[in-house]
Amino acid sequence: MSCPEGSERLYGTVKFPRFRFPDQAPTWLRHGPLRPGAFRSALHDERTASLIGTALGIAFATAFVTGMISHELQHPASWWPLPTRPVWFYRFTQGLHVASGLASIPLLLAKLWTVYPRLFAWPPLTSVLHGLERLSIFVLISGAIFELVTGLLNIVQWYPWQFYFTNAHYLVAWVTFGGLLLHVAVKAPVIVRGLSNKAAQAPEAEARQAEAEAAPGGRRGAVSRRAMLTVTGVAVGVVTVTTVGESVTSLRSVDLLAPRSPTFGPQGVPINRTAVQAQVETTALDPAWRLNVTGPRPYELSLRELSALPQYTANLPIACVEGWSVNASWQGVRVIDLLERVGAPAGAEVRVISLERSGSYATMLMPHEYAEDPLTLLALRLHGQPLSLDHGYPARIIAPARPGVLQTKWVSRIEVL
Ligand SMILES: Nc1nc2c(c(=O)[nH]1)N[C@H]1C(S)=C(S)[C@@H](COP(=O)(O)O)O[C@H]1N2
Ligand SMILES: [Mo]
C-alpha cells in the first residue's frame, strides 16, 4: 500500500494531515534557544532524559498506586476488600505516597531541565499526530506540577485555593497518570534507545561535548551527564532523608524539612486538630457526657461505666494522610463488644458521631471489616494515661490499617446501620 504524500498513516486507515513548515525557521526567529544547534550538551540528550524519566516514572507510579489505595480506604467501594492486616498497612502505603511524591519534585525539575529544549524544536508541528503528542505532554506536565504543588501544600496544611484538595488531587492524578502512560507508549522506542546503548552513545556524547565547547561562545568544562545525574540523586536523597523521619520514627532526628515530628505532641503523639479548633472543649469535659449506642437495644454509658467494661490494649499506629505516623499503645473497650451489647447483627456497619458539630470528620462510617475487628477500640487511654483532650478525650476510635482522618476523636454516639 502506498502512503500519499502530505499525510501520515496510523492504525491502517486513519490519515493524519501533515503540516508544511519551511525546513529552517525564518532568520528573524533563529536566535537564542531557536538558533540551530542551541542545545548540544549531553544534559539534554535521550539518555539523560530516559534515565531521569525512568526514575520519575517509577516515583510517579508509586505515588499513583499508593494514592489510589489511600482514596479507596477513605472512600471504600463496596466490592473492594478492606485490609485490616498488617496493622501498619496504611502507615506504610501513605508514608510511601508522601515520600515518592516529595522525591518526584527534584526528579521533575531535572527532567524538565533535560527536555525543555524540545519546546524550541523546529518545525513546531509536523502533523496532527505530533500536535496531539505535544498536547499530551502539556497535560502531563501541568498535571504533574499540580499534583506535586497541591500535595506539598497539603502536607504543610496550607490551602491557598478554593477547591476541595482531596477531590482535585484525586481527579488530576487520573489525568496525569493517563498522560504518563500515553507518553511512555509514544516514547517507548526513544526510552529503550536511551536506556540501552550506553557504550554506543558515550563517544558520540563526548564528541558532541567537545564540539559544544569548541563552538563560538561554547563553554569549557560544561557539566557532564554524570555530574547532573549525581546532583539529581543527591537532591532526591536529601529530600527523602530530611522528610521521611515523620513516618520512619528511627530517622526522626534528621527530619529537618518534615512538617511534623512524629513524637512531638501531648502523650508523645502529634495532633492535627485540637479540641479548641474543633470547638469541643466544653462538651468533651462535661461530666454529663455519655456514650450513646443505638441499634436493636439502645443504651448509654458514662465514662465510669465504660471504664468498668473489659478493657483491651491495642498497639496501633496513627497514620495521617499528610504522611506523618507513629505507633501508640491504646486502651479501651472493643467496638465489637459495644455492638454485641446493643444487639447488632453480625457484619453490621456503623456510623460514629463526634462531639464536633461541623466539618468532614464530625461523622465517620465504619465498614464491618473494622467494626468486627478485635483490635478496633473505643479508646479511653493512650500510653497508659487517660486520653488528653486533644487526642479525643473522653473516647476516640482507633482501628487497624485505617487513615488517620477516620480515627474519630471525641466520640459521642455509635449507630448501628
Ligand atoms: N472529631 C475529629 N476526629 C479526628 C480529627 C478531627 O479533626 N476531628 N482529625 C483526624 C486526623 S486528620 C488525624 S490524623 C487523627 C489524629 O489523631 P491525634 O490528634 O490523636 O494524633 O485524628 C483524626 N480524628
Ligand atoms: Mo490526618
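How many residue pairs are in polar contact between domain 1 and domain 2?

## Polar and charged pairing

In this predicted model, seven residue pairs are in polar contact between domain 1 and domain 2, counting pairs in which both residues have pLDDT 80 or more. One salt bridge is found across the interface of the two domains.

## Domain layout

The protein chain is divided into two parts, with domain 1 covering 8-254 and domain 2 covering 267-416. The centres of the two domains, taken over C-alpha atoms, are separated by 42 Å, and the contact between them draws 22 residues from domain 1 and 26 residues from domain 2.

## Buried area

Between them, domain 1 and domain 2 bury about 1,900 Å², of which 56% lies on carbon and sulfur atoms. On the domain 1 side, Val87, Tyr90 and Arg91 supply 29% of the area buried against domain 2, which is more than any other three residues contribute.

## The face of domain 1

Returning to the polar contacts, seven residue pairs link the two domains in this way, and the elements giving two or more residues to the side of domain 1 that touches domain 2 are α1 (46-74), α2 (89-115) and α3 (128-155). Of these, α2 gives the most, with five residues. By residue class, this side of domain 1 divides into 12 nonpolar, seven polar and three charged residues.

Key: Residues numbered from 1 in each chain as written. Chains lettered and ligands numbered in written order. Predicted model: local features only at pLDDT ≥ 70, side-chain atom pairs only at ≥ 80, totals over all residues. Heavy atoms only, no water. Domains from an automatic or database assignment. Contact = heavy atoms within 4.5 Å. Buried area = accessible area lost by both parts, 1.4 Å probe. Salt bridge = Lys/Arg side-chain N within 4 Å of Asp/Glu carboxyl O. Polar contact = N/O pair within 3.5 Å; in protein donor to acceptor, adjacent residues only side chain to side chain. Helix = DSSP H or I, 4+ residues; strand = E, 2+ residues; numbered from the N terminus. Nonpolar A, V, L, I, M, F, W, Y, C, P; charged D, E, K, R; others polar.
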